Amino acid sequence: MAFVIDATAAPVAGIALISTWVGYEVGLIQDGYEAIGQNVNAYSIFLETIPYRFYNILMLLFVVCTALFLREFGPMLKAERRARKYDATNEEEIDPHAMSSELDEMKPAKGVKLSIWNAIVPVGTLIVTSLIGFYFNGYNTIMSGEDAALIADLKNSPFSFTGIQEAFGASDASVVLFQAALFASIVAMVMGVHQKAFTWGEAVDTWIGGMKSLVVTGAILLMAWSLSASITDLGTAQFLVSSLSDTMPAFLLPSVIFILGSVISFATGTSYGTMGILMPLAIPLAAGLSGDPQFIVLSAGAVLTGAIFGDHCSPISDTT
């Protein structure tokens, strides 16, 4: 169960059309293309990387095969056999009381009627608000810009696929996702207070407690961005281009990037940090080795899918 959850979490979030993960990926792609002097629609580039996200796609396919054929291997096979043939000597390994104390804190108060809508409505609010926010944030950005042709296209067909894609690409993901999450949190608080599941004070305390788990993520991102900025200022990408342009065949680059991303993410346990470190190097390097725009897209996809490897295999990954 843990494997299925993990293997359908990061691979889906990494290639979903809308997610906080995608917002981060789009921002990195935008910065990478700006480093080589190209002004592109980063969201469009992200969509083009999806067919090259082999690890994500194959892992999802692997989960389907595991579910359909009920075949396990390695340590999971041993655990499955042990679970089917219960042995009291292994009781301490599956002790439910060994779970994190955070789960105990999230238990509802006695007498509170449980409802699946308490999950569906806030999460649905987050998704719908994000979609609307991405569109209107990007729409306003384009309308206040100087691209007359794009402005005219949006005015003539604001809800066409191209118009929506351009609006999403021009939006500020960090602002929209923060606003959507805040609004969804308020909706969840109102629902809980209305049902007398908790008071307003308890709701705020719970909300703040939930943010504690993001502190480590924030610290990792801060350090990854710092390292990324240092790499950019030192001209590491230009150095690699000059060093490798005559020695490494271009066709090897995406594979090398994927392997490097896998190693870094496995060693550090963070996919976000790996993306932040490698993307400023991969895009300029791909542009230096080959002038083919699709080759740059392929290399960017190798960064994004290689980084997810660590989320599954690293023993120090938070998701593991």
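1. How many nonpolar, polar and charged residues does the lining of the largest cavity have? Going by class, 8 are nonpolar, 3 are polar and none is charged. Please keep in mind as you read on that this is a predicted model.

2. On the empty space itself: rolling a probe the size of a water molecule over the atoms shows where such space is left. Here, a search of the whole structure turns up 1 cavity of 30 Å³ or more. The volume of the largest cavity is about 80 Å³.

3. Now for the backbone. Most residues other than glycine have a negative phi. Leu70 is not a glycine, yet its phi is positive, at about 55 degrees. You will find Leu70 in the loop between helix H5 (54-69) and helix H6 (74-84). Leu70 counts as exposed because its relative accessibility is 67%, and the cut-off for that class is over 50%.

4. Lys196 also deserves a look. Its phi is positive too, at about 60 degrees, although Lys196 is not a glycine. This residue sits in the loop that runs between helix H11 (173-194) and helix H12 (200-211). With a relative accessibility of 73%, Lys196 therefore counts as exposed.

Conventions:
Residues numbered from 1 in each chain as written. Predicted model: local features only at pLDDT ≥ 70, side-chain atom pairs only at ≥ 80, totals over all residues. Heavy atoms only, no water. 1 Å grid on protein atoms, 1.4 Å probe; cavity = no way out; pocket = protein on both sides within 12 Å on 5 of 7 lines; lining within 4 Å. Points joined across faces, edges and corners; volume = space filled by probe spheres on them. Nonpolar A, V, L, I, M, F, W, Y, C, P; charged D, E, K, R; others polar. Helix = DSSP H or I, 4+ residues; strand = E, 2+ residues; numbered from the N terminus. Buried < 20%, exposed > 50% of the residue type's maximum accessible area, 1.4 Å probe, protein only.
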